Amino acid sequence: MTGLVYKSTGSWYTVKTDLGHVYECRIKGKFRIKGIKSTNPIAVGDLVDFELETNNNQESGIIHKIHDRTNYIVRKSVNLSKQTHIIAANLDQVFLMITINNPPTLTSFIDRFLVTANAYSIKTVLLFNKIDVYDEETLLEVKYLAHIYRKIGYECIGVSAKTGKNVDKVKTLMRNKVSMFSGHSGVGKSTLVNAIEPALNIKTKEISTQHMQGQHTTTFAEMFDLSFDAKIIDTPGIKGFGVVDMDKEEVGDYFPEIFKLKQDCKFNNCLHVKEPKCAVKKALDNDEITFSRYRSYLQIIEGEDEHYRTDNWDNQ
């Protein structure tokens, strides 16, 4: 039988067939170590083949094959630095939710996420949430950030999960697609998902006022079928995002504004750091490249990880 993985709890996977039948499945013992270096060999969104078995009058499945993925998005496993965690597979797009405060989303986090999504050819839309509660000064900050990312080609939308502002615009982008929602804990992912599809009634929690951080409510990644011909993958909130190892020379290829200029550098292998006649540094001096983006680029090529802990990915 063949089905789509809707939920992963580490050892069991909820799989749904084309006919709408749902089975709880596990994997073969050897399957876990067969050339797969991630902490989770199977992810939500995977298409898998499985066989049914009956134990104690209960029917379950054993997964024996993963179909080739069109893409997937991964992050470093912090506890096992040489391994990765596959967040989700076979995505049409990712919505990265951003808040200026309560909790703050740093540009270094945004840029690391965008680099990883770009490396795996996954379209990312930036959602600036909670715009209903911002004062005038904070709204200007939202507009400035949106300007930075629109200028390099990313779609940016200001939304309010509580008032419903631009929720319909997000729903239009989601039709006929598999979309993943990601971001820090507390940015309002679950609230927005509930605004998009109230019948789901996903649990939400208030922000911790002591640390201005979200309290994660989603424990495992899970996919849902929506009423308007769309699928959504809700994910646990993540505090930071470790970029999976890539060669220094290729990091710039995933920054669109740097990739566009690299052919004008004097040296083909220019890292845009200390090399002479570097088109990227010239553009930086002329304010054609935003300093925060260049700083993120330097942090990645120098191997500096964000100092973070995660809510759930490290425990899986």
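1. Helices (H or I, at least four residues) and strands (E, at least two) are taken here as DSSP runs, numbered from the N terminus. The structure is a predicted model, in which local features need pLDDT of at least 70 and side-chain atom pairs count only at pLDDT 80 or more, whereas totals for chains, interfaces and linings use all residues. Residues are numbered from 1 along each chain as its sequence is written, and side-chain values use heavy atoms, with hydrogens and water left out.

2. On the chain as a whole, eight helices and 13 strands are assigned. Of its 316 residues, 53% count as buried, where buried means under 20% relative accessible area, exposed over 50%, and partly exposed in between (1.4 Å probe, protein chains only). The accessible surface comes to about 16000 Å², and carbon and sulfur atoms account for 47% of that area; accessible areas come from the Shrake-Rupley method with a 1.4 Å probe, and for residues only the protein chains shown count as cover. Among contacts (heavy atoms within 4.5 Å) between residues at least 6 apart in sequence, 66% join residues at least 24 apart.

3. Val170 belongs to helix α3 (residues 167-174) and is buried, its relative accessible area being 0%. When residues up to four places away in sequence are not counted, Val170 touches Phe95, Leu127, Val159, Phe181 and Ile196. Between Val170 and Leu192, which are 22 residues apart in sequence, the C-alpha to C-alpha distance is 9.9 Å.

4. Strand β1 (residues 2-8) includes Ser8, which is buried at a relative accessible area of 9%. Leaving aside neighbours within four places in sequence, Ser8 is in contact with Tyr13, Ile42, Val44, Phe220 and Ala221.

5. A salt bridge is counted where a side-chain nitrogen of Lys or Arg lies within 4 Å of a carboxyl oxygen of Asp or Glu, and by this rule the count comes to eight. One of them joins the side chains of Glu222 and Lys7 at 3.8 Å, N to O. Because Glu222 lies in strand β12 (residues 222-226) and Lys7 in strand β1, the pair ties together parts that are 215 residues apart in sequence. Glu222 is partly exposed at 24% relative accessibility, and Lys7 is partly exposed at 27%.

6. Strand β12 also contributes Asp225, whose partner Lys16 is in strand β2 (residues 13-17), 209 residues apart from it. In this salt bridge the closest N and O atoms of Asp225 and Lys16 are 2.6 Å apart. Asp225 is partly exposed, with a relative accessible area of 33%, and Lys16 counts as partly exposed at 26%.

7. A salt bridge of 2.7 Å, N to O, is formed by the side chains of Arg26 and Glu53. The pair links distant parts of the chain, since Arg26 is in strand β3 (residues 22-27) and Glu53 in strand β4 (residues 47-55), 27 residues apart. Arg26 is partly exposed at 30% relative accessibility.

8. On the surface, Asp135, Glu136, Glu137 and Glu141 gather in a patch of negative charge. Such patches are made of residues with over 30% relative accessible area and no salt bridge, like charges being joined within 9 Å. Asp135 is found in the loop between β9 (123-128) and α2 (136-151), and is partly exposed at a relative accessible area of 46%.

Note on methods:
Patches are made of residues with over 30% relative accessible area and no salt bridge: like charges are joined within 9 Å, nonpolar side chains (Val, Leu, Ile, Met, Phe, Trp, Tyr) within 5 Å. Lys and Arg count as positive and Asp and Glu as negative; His and the chain ends are not counted. The place of a charge is taken as NZ of Lys, CZ of Arg, CG of Asp or CD of Glu.
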